[in-house]
Amino acid sequence: MNKVTFLVISLLFTVSVFAQAEPANYSVAANKFKELYNSDKIDDIYGMFSAEMKTALPANQFKTTTAQLKAQLGSLLAVDLVKYEAPLAVYKAKFQASTFLLNISLNNSSQFTGLLLSPYQEPRTAIDDPSIVETPVSVKILSGLISGTLAMPKAATGKVPVVIIIPGSGATDRDGNNVKANLNTNAYKMIAAGLGKNGIASLRYDKRMVGESVTSVKEENMHFDDYIDDVYSLISYLSADQRFSKIILMGHSEGSLVGILAATNENVKGFISIAGAGVPADQILTEQMKAQPQYLADEFKVVLDSLRRGKIDKKVDLTLYSIARPSIQPYLMSWCRFDPAREIKALKIPILIIQGTTDLQVNESNAEKLKKSKTTELLIIPGMNHILKEAPADREKNMATYTQPDLPLKPELVPAMVEFINKIK
């Protein structure tokens with residue numbers, strides 16, 4: 001289960017379009033924030049707020065939130081200017097545990113009118129292989145745009161298979177990274193590279209509301225079916241491209257269920273599930289909560305019980321906001337109604353189920369449940385964790401791999417996918 005990240009307060013300003021030099025008072029304010037934050041002088045930070053900020057955020061709420069932030073992220077080691085566009089200055093804020101963007105706006109009295117931590121993401125890099133050509137892809141959906149990267153084998157002659165790589169849970173991007181959860185794996189980019197070297201194209205994409213994928217739908221109106229519709233749009237896009245001989249869906253983690261439900265599309269010729277759940281989401285989340293303090297597990301159970309009755313629980317502990325805030329509960333409700341082991345029975349295409357033995361989030365029994373529900377191929381990879389890398393069963397050492405993007409994929413993974421894809425008629 002991912003740790004919680006807290007926003008300090010929403011920004012209250014309009015941004016201009018031209019970058020400018022950083023005013024001296026912004027530099028002073030950023031460094032003063034760093035000094036006071038590291039000294040646990042939260043009341044002094046609050047004293048730098050404008051009257052409007054104090055009205056928007058009561059002192060006790062700011063103090064509680066900032067203390068939780070400090071406990072999670074540790075000291076603030078450095079603040080480096082990224083850009084200034086009046087009245088907003090954006091700094092790269094390096095904490096002990098992670099890196100974020102620190103967004104600051106000031107009034108004429110150098111008081112804070114906006115203070116926000118937002119996800120920081122290193123610039124995306126292309127696959128470093130001359131045999132693979134990458135091109136950006138933008139596909140229109142009813143409420144916005146899904147953006148991704150098409151990786152094509154350069155030496156391909158004739159039509160080639162293409163795999164749609166469906167991301168896992170949370171704010172996961174096309175490369176398999178999630179800046180909000182401090183997840184930096186490049187797993188999907190590595191899969192795309194491995195497939196490309198074997199003459200197979202791939203399309204990996206940012207989930208809606210992530211990276212370059214945008215939607216006009218607000219979080220409280222999001223449902224699991226929206227992710228399925230996004231994959232349908234990608235299938236239609238690729239079906240119209242004469243370069244491809246067949247479309248295969250590959251779903252990782254939460255993306256496995258998305259793939260199962262989208263693979264009923266007649267243009268899909270095969271499906272690969274990697275680290276996919278074999279039981280409804282509420283059971284998976286409940287199991288993952290066992291690694292958290294008991295009071296959090298109990299709080300989360302209250303939320304789930306409310307959702308089962310079709311009601312939103314608006315009184316959620318702040319420490320659960322990353323997974324159970326009121327605005328995301330309609331999505332959780334829609335997700336939990338699907339049973340993967342039942343849904344997979346509807347597929348009439350070849351299926352490959354892959355599961356690692358050191359996966360801390362989805363255990364082997366889930367793969368067995370999916371396997372029993374359908375005549376498919378099942379591959380258990382010893383020593384592979386949830387992000388598809390070599391990892392021990394020890395939790396701390398296993399989790400350490402989540403922030404090591406240069407670690408290679410488990411060697412057995414891509415060859416098994418290639419063999420399966422090539423067998424599909």
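Helices and strands are here DSSP runs, helices of at least four residues and strands of at least two, numbered from the N terminus. The model is a predicted one. In these terms proline 87 lies in the loop between β1 (76-85) and β2 (88-95). The peptide bond that joins alanine 86 to proline 87 is cis, with omega at about 5°.

Most residues other than glycine have a negative phi, and most peptide bonds are trans. Asparagine 186 has a positive phi, near 55°, and is not a glycine. Asparagine 186 sits in the loop between β7 (160-166) and α5, and with 14% relative accessibility it counts as buried. Alanine 275 is likewise not a glycine and has a positive phi of about 55°. The loop that holds alanine 275 runs between β11 (268-274) and α8 (281-288). At 3% relative accessibility, alanine 275 is buried.

Helix α1 covers residues 24-38. At 1.5 Å a residue its 15 residues should span 21 Å, and the end C-alpha atoms are 22 Å apart, which agrees. The buried residues of α1 are Tyr26, Ala29, Ala30, Phe33, Leu36 and Tyr37. Viewed down the axis of α1, these buried residues fall within an arc of 135°, so they line one face of the helix. The face turned away from that buried side carries the exposed residues Ala24 and Val28. Tyrosine 37, one of the buried residues of α1, has lysine 70 over the face of its ring, at 5.3 Å from the ring centre.

Strand β10 (residues 244-252) is the next element to consider. Of its 9 residues, 8 are buried, so β10 is largely enclosed by the rest of the structure. β10 is joined to β7 by 7 bridges, and the two strands run parallel. In this pairing isoleucine 165 stands opposite methionine 250 of β10. β10 also pairs with β11, again in the parallel sense, over 6 bridges. There leucine 249 has phenylalanine 271 of β11 as its bridge partner. Between β10 and β11 the chain crosses through helix α7 (residues 254-262), and this β-α-β crossover is right-handed.

Strand β12 (residues 351-356) and strand β13 (residues 377-381) run parallel and are joined by 5 bridges. Glycine 356 stands opposite isoleucine 381 of β13.

Aromatic side chains form another set of contacts. A pair of aromatic rings is described by the distance of the centres and the angle of the planes. With a cut-off of 6.5 Å between ring centres, the model has 14 aromatic pairs. In one of them, tyrosine 46 and phenylalanine 49 are tilted, with 5.1 Å from centre to centre and 50° between the planes. Tyrosine 46 and phenylalanine 49 are both buried. Tyrosine 227 and tyrosine 331 form an edge-to-face pair, with centres 5.6 Å apart and planes at 75°. Tyrosine 227 belongs to helix α6 (residues 224-239) and tyrosine 331 to helix α11 (residues 329-336), so their pair ties together parts that are 104 residues apart in sequence. Both tyrosine 227 and tyrosine 331 are buried. These two tyrosines also belong to a cluster in which ring pairs link Phe224, Tyr227, Tyr331, Trp335 and Phe338.

Methionine 190 is in helix α5 (residues 187-197) and, at 21% relative accessibility, counts as partly exposed, since buried requires under 20%. The C-alpha atom of methionine 190 is separated by 7.1 Å from that of leucine 409, although the two residues are 219 residues apart along the chain. Proline 130 is found in the loop between β4 (112-119) and β5 (132-141). Its relative accessibility of 70% makes proline 130 an exposed residue.

Technical notes:
Residues numbered from 1 in each chain as written. Predicted model: local features only at pLDDT ≥ 70, side-chain atom pairs only at ≥ 80, totals over all residues. Heavy atoms only, no water. Phe/Tyr/Trp six-rings, centres within 6.5 Å; stacked < 30°, edge-to-face > 60°. Buried < 20%, exposed > 50% of the residue type's maximum accessible area, 1.4 Å probe, protein only. Lys NZ or Arg CZ within 6 Å of the ring centre and 35° of its normal. Pairing = 2+ DSSP bridges. Expected span 1.5 Å × (residues − 1). Arc of directions from axis to C-beta. Right-handed = clockwise from strand over helix to strand, strands pointing away.
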